[in-house]
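User: I have a model open and would like to know what lies behind the words used for it. Please take me through them one at a time.

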Amino acid sequence: MSMKPQIPVRTADSDDALSFIRQMGIEYVSLSLKPEELTYDCVMKQKERLAKFGLTVSDALCNELQKNKSIHLNFPDRDDQIRRFNDMLQVLGKAEVPFTSIAWQPNGILRTDHRVGRHTRGGISAYCDQNEIMARPNAEERSYEEQEIWENFQYFLDRVIPVAEETGVRMALHPNDPPLACMAGIPSLIYNTECYRRAFSMAHGSRALGMKLCVGCWLEGGDQFGDLMSDIEEFCREDRVLCVHFRNVDSTLPVFEETLAEDGYADMYAILEQLARCGYDGQLNIDHSFFNPDGKGMSKTSEAYFLGYLKGMLGSLERQLKLEKENGGKKS
């Protein structure tokens with residue numbers, strides 16, 4: 001079993017912050033870059049700095065390019081933004097970064113509030129009420145049709161897949177969060193398993209397009225999103241899963257709050273076991289920890305707990321699978 005916990009880092013993170021990551025036993029990081037940092041020299045400088053702390057860059061992303069309204073909604077500068085995305089692929093390919101991220105969420109992740117919830121043990125977590133989200137006005141000057149969004153996605157794929165294939169940099173597509181068909185006048189691209197299948201078919205079999213399998217989104221949508229266990233099997237078999245976001249919630253939509261791994265409705269150990277049995281060998285990202293007491297920014301203490309709990313489950317699972325192997329494949 002080779003699944004490894006992963007944590008996001010920024011170029012501005014201090015030496016103390018990087019040292020703390022290493023002290024937690026984390027080896028892999030997702031590097032977040034600003035637009036002005038998308039140069040080969042900058043990426044290599046960051047890789048070398050991280051290596052001094054025993055950290056390896058598993059992937060890199062630029063938030064401005066992975067959630068780009070111009071690309072998603074066909075604004076006048078769309079072609080310029082796609083060129084910038086392709087320039088990033090060239091840089092990452094030269095720097096030997098395996099994959100980057102795309103999230104067809106022009107207005108980002110939508111939540112109702114960040115607050116202490118019924119299941120957060122006094123911690124501040126994200127809360128979502130579907131009715132409140134659906135009552136929001138259009139986020140843009142006009143509403144959009146579903147076909148427009150898919151046509152924009154195809155336009156993007158047609159121009160970036162050749163570059164991704166040439167550079168060897170794959171793209172991990174994240175679901176819309178929350179997974180609702182339309183929010184604030186903009187139809188979602190990925191809000192269930194069938195959407196993923198449609199997206200992959202539009203890539204015409206290219207391995208350049210993969211996914212961030214966000215467990216949290218599957219759990220938020222429940223049966224309306226898909227069967228998580230069978231979907232893990234399908235997409236691992238097809239080599240589509242580039243990264244896993246590993247997060248629990250207390251219930252499915254219409255209302256949910258994000259919880260500790262052990263406090264939500266899903267059996268997170270069983271999900272880890274399914275990933276292992278289906279041959280997943282990539283990174284696991286805790287996705288969202290709780291917030292600081294003032295509600296600003298993610299709590300490093302909470303993050304450390306989430307990661308420690310994840311590492312404990314991984315250690316237990318590794319021992320379980322080892323015993324099974326020693327017992328001739330019989331489950332212990």
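Analyst: Two strands count as paired if DSSP finds at least two bridges between them. The model is predicted. Strand E4 (residues 99-103) and E7 have 5 bridges in the parallel sense, so by the cut-off of at least two bridges they are a pair. One of these bridges links Thr-100 to Met-171 in E7.

User: What makes E7 and strand E10 a pair?

Analyst: E7 and strand E10 (residues 209-214) are joined by 3 bridges and run parallel; the cut-off is at least two, so they pair. Ala-172 stands opposite Gly-210 in E10. E10 also pairs in the parallel sense with strand E11 (residues 241-245), over 4 bridges. There, Met-211 is opposite Val-241.

User: In what order do the strands of the 8-stranded open sheet stand?

Analyst: The order is E3-E2-E1-E14-E11-E10-E7-E4, and the pairing is parallel. E3 and E4 each have a single partner strand, so one side of each is without a neighbour in the sheet and they stand at the edges. From one strand to the next, the twist averages 35 degrees.

User: Why is strand E7 called largely enclosed?

Analyst: A residue is buried if its relative accessible area is under 20%. In strand E7 (residues 170-174), 5 of the 5 residues are buried, so the strand is largely enclosed by the rest of the structure. Both faces are covered: Arg-170, Ala-172 and His-174 are buried on one side, Met-171 and Leu-173 on the other. In a regular strand, side chains alternate between the two faces of the sheet.

User: Which helices lie on this sheet?

Analyst: H5 lies across E3, E4 and E7, and its direction is at about 155 degrees to E4. Helix H7 (residues 146-167) packs on the sheet and touches E4, E7 and E10, making about 150 degrees with the direction of E7.

User: Which residues touch the most other members of the largest nonpolar core?

Analyst: They are Phe-153, Phe-156 and Leu-272, in a core of 96 residues. H7 gives the most to this core, with 9 residues. Contact means heavy atoms within 4.5 Å. Leaving aside neighbours within four places in sequence, Phe-156 is in contact with Ile-71, Ile-82, Phe-85, Ile-102, Trp-104 and Met-171.

User: How do you know that the buried residues of H2 line one face?

Analyst: The buried residues of H2 are Cys-42, Val-43, Gln-46 and Leu-50. Seen down the helix axis, they fall within an arc of 95 degrees, so they line one face. An α-helix has 3.6 residues a turn, so residues three or four places apart point the same way. On the other side of H2, Asp-41, Lys-45 and Glu-48 are exposed, exposed being over 50% relative accessible area. What covers the buried residues includes strand E1 (4-10), helix H1 (15-23), strand E2 (28-32), strand E3 (56-61) and helix H5 (78-94).

User: How does the span of helix H2 compare with what is expected?

Analyst: Helix H2 (residues 40-51) has 12 residues and reaches 16 Å from its first C-alpha to its last. That is close to the 16 Å expected at 1.5 Å a residue.

User: What makes E5 and E12 edge strands?

Analyst: Strand E5 (113-116) and strand E12 (248-249) each pair on one side only. They belong to an open sheet of 4 strands in the order E5-E6-E13-E12, with antiparallel pairing. Within this sheet, strand E6 (residues 124-129) and strand E13 (residues 255-259) are joined by 3 bridges. The bridge partner of Asp-129 in E13 is Val-255.

Notes:
Residues numbered from 1 in each chain as written. Predicted model: local features only at pLDDT ≥ 70, side-chain atom pairs only at ≥ 80, totals over all residues. Heavy atoms only, no water. Helix = DSSP H or I, 4+ residues; strand = E, 2+ residues; numbered from the N terminus. Expected span 1.5 Å × (residues − 1). Buried < 20%, exposed > 50% of the residue type's maximum accessible area, 1.4 Å probe, protein only. Arc of directions from axis to C-beta. Axes fitted to C-alpha atoms, helices over the stretch in contact; angles between N-to-C directions. Core = buried A, V, L, I, M, F, W, Y, C linked by side-chain atoms within 4.5 Å.
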